[in-house]
Amino acid sequence: MIRNTILLGAAFLLMCMTAQADSSAAFMKTGGRTSQPIGHYEFCQSYKSECNIRSSDRGPAALTPKIWNLMLQINNQVNTQIQPATDMDIWGKAEVWSYPTSVGDCEDYVLLKRKLLNESGVPISDLVITVVRQMNGEGHAVLTVRTDRGDYVLDNLEPRIKLWNETNYDYLKRQAANNTGAWVSINDERQLLVGSIK
């Protein structure tokens with residue numbers, strides 16, 4: 001138990017030092033309002049109260065050891081308890097966002113992680129559903145946790161929690177921090193840099 005606490009503390013310290021090394025790149029740059037994913041739109045028809053939360057964006061949450069441990073615990077819990085399955089397998093159609101009980105696809109993992117973190121005290125404005133493109137061109141969803149140390153990604157395809165700019169995704173859009181029903185574009189300048197080098 002003590003060894004685990006020491007290891008978690010050391011990992012937290014290392015993470016904070018890494019985030020400070022290039023702090024500007026650790027934060028996503030968002031653009032203007034953009035289209036809402038169809039799956040989220042339909043989810044909002046069933047869960048209206050979850051999609052009309054307006055809040056003032058007071059800036060990212062302070063990343064404390066408590067918040068970091070919550071992120072680790074909930075990410076691991078959901079990734080191990082929910083078995084991957086496609087919407088076609090579960091629902092017989094292509095795009096359904098729902099809270100999983102035993103199986104789910106990427107959006108379902110995100111919704112459950114977001115719910116559990118919010119219930120544990122992380123502000124909803126700092127828990128934003130994010131749409132990305134994988135290296136193989138397929139769409140994917142992850143949960144972005146906005147912190148004062150950077151934007152961290154909780155992903156069902158990756159057990160480790162990473163800063164968004166340390167992942168291999170092309171970031172497209174995410175929920176607005178001040179409106180759970182609105183979406184904003186992401187200016188992923190890393191892709192521009194890669195393109196200019198080729």
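Q: In this predicted model, how far apart are the closest N and O atoms of the salt bridge between Arg174 and Asp151?
A: The pair links distant parts of the chain, with Arg174 in strand E8 and Asp151 in strand E6. They are 23 residues apart. A salt bridge needs a side-chain nitrogen of Lys or Arg within 4 Å of a carboxyl oxygen of Asp or Glu. Here the closest N and O atoms are apart by 3.6 Å.

Q: Are Arg174 and Asp151 buried or exposed?
A: The two residues form a salt bridge. Buried means under 20% relative accessible area. Both Arg174 and Asp151 are buried.

Q: Which residue forms a salt bridge with Arg133?
A: Arg133 lies in strand E4, and its partner lies in strand E8 (residues 170-176). The two are 37 residues apart. Arg133 is partly exposed, with a relative accessible area of 35%. The closest N and O atoms are 2.8 Å apart, and the partner is Asp170.

Q: What is the relative accessible area of Glu119?
A: Glu119 forms a salt bridge with Lys115. The two are four residues apart in helix H5, separated by about one helical turn. Lys115 is partly exposed, at 33%. Glu119 is exposed, and its value is 54%.

Q: Which side chain of opposite charge is nearest to Asp155?
A: Asp155 is found in strand E6 (residues 150-155). Asp155 is buried yet has no salt bridge. A salt bridge would need the atoms within 4 Å, whereas the nearest side chain of opposite charge is 6.2 Å away. That side chain belongs to Lys113.

Q: Which side chain is joined to that of Asp155 by a polar contact of 2.5 Å?
A: Leaving aside neighbours within four places in sequence, the contacts of Asp155 include Asn75, Asn79 and His140. The polar contact of 2.5 Å is with the side chain of Tyr169.

Q: How many residues apart in sequence are the parts tied together by Phe43 and Tyr99?
A: Phe43 and Tyr99 form an edge-to-face aromatic pair, 5.9 Å centre to centre. Phe43 lies in helix H2 (residues 38-46). Tyr99 lies in the loop between helix H4 (87-91) and strand E3 (103-104), so the pair ties together parts whose separation in residues is 56.

Q: Which element gives the most residues to the largest nonpolar core?
A: This core has 33 residues. Met71, Val78 and Leu117 are among those that touch the most other members. Elements giving two or more residues include H2, helix H3 (65-81) and strand E5 (139-147). With seven residues, the element that gives the most is H5.

Notes
Residues are numbered from 1 along each chain as its sequence is written. This is a predicted model: local features need pLDDT of at least 70, side-chain atom pairs count only at pLDDT 80 or more; totals for chains, interfaces and linings use all residues. Side-chain values use heavy atoms; hydrogens and water are left out. Rings of Phe, Tyr and Trp (its six-membered ring) pair if their centres lie within 6.5 Å; planes under 30 degrees apart count as stacked, over 60 as edge-to-face and the rest as tilted. Buried means under 20% relative accessible area, exposed over 50%, partly exposed in between (1.4 Å probe, protein chains only). Lys and Arg count as positive and Asp and Glu as negative; His and the chain ends are not counted. A polar contact is a pair of N or O atoms within 3.5 Å; within protein, one must be able to donate a hydrogen and the other to accept it, and residues adjacent in sequence count only if both atoms are side-chain atoms. Contact means heavy atoms within 4.5 Å. A nonpolar core is a set of buried Ala, Val, Leu, Ile, Met, Phe, Trp, Tyr and Cys residues joined through side-chain atoms within 4.5 Å.
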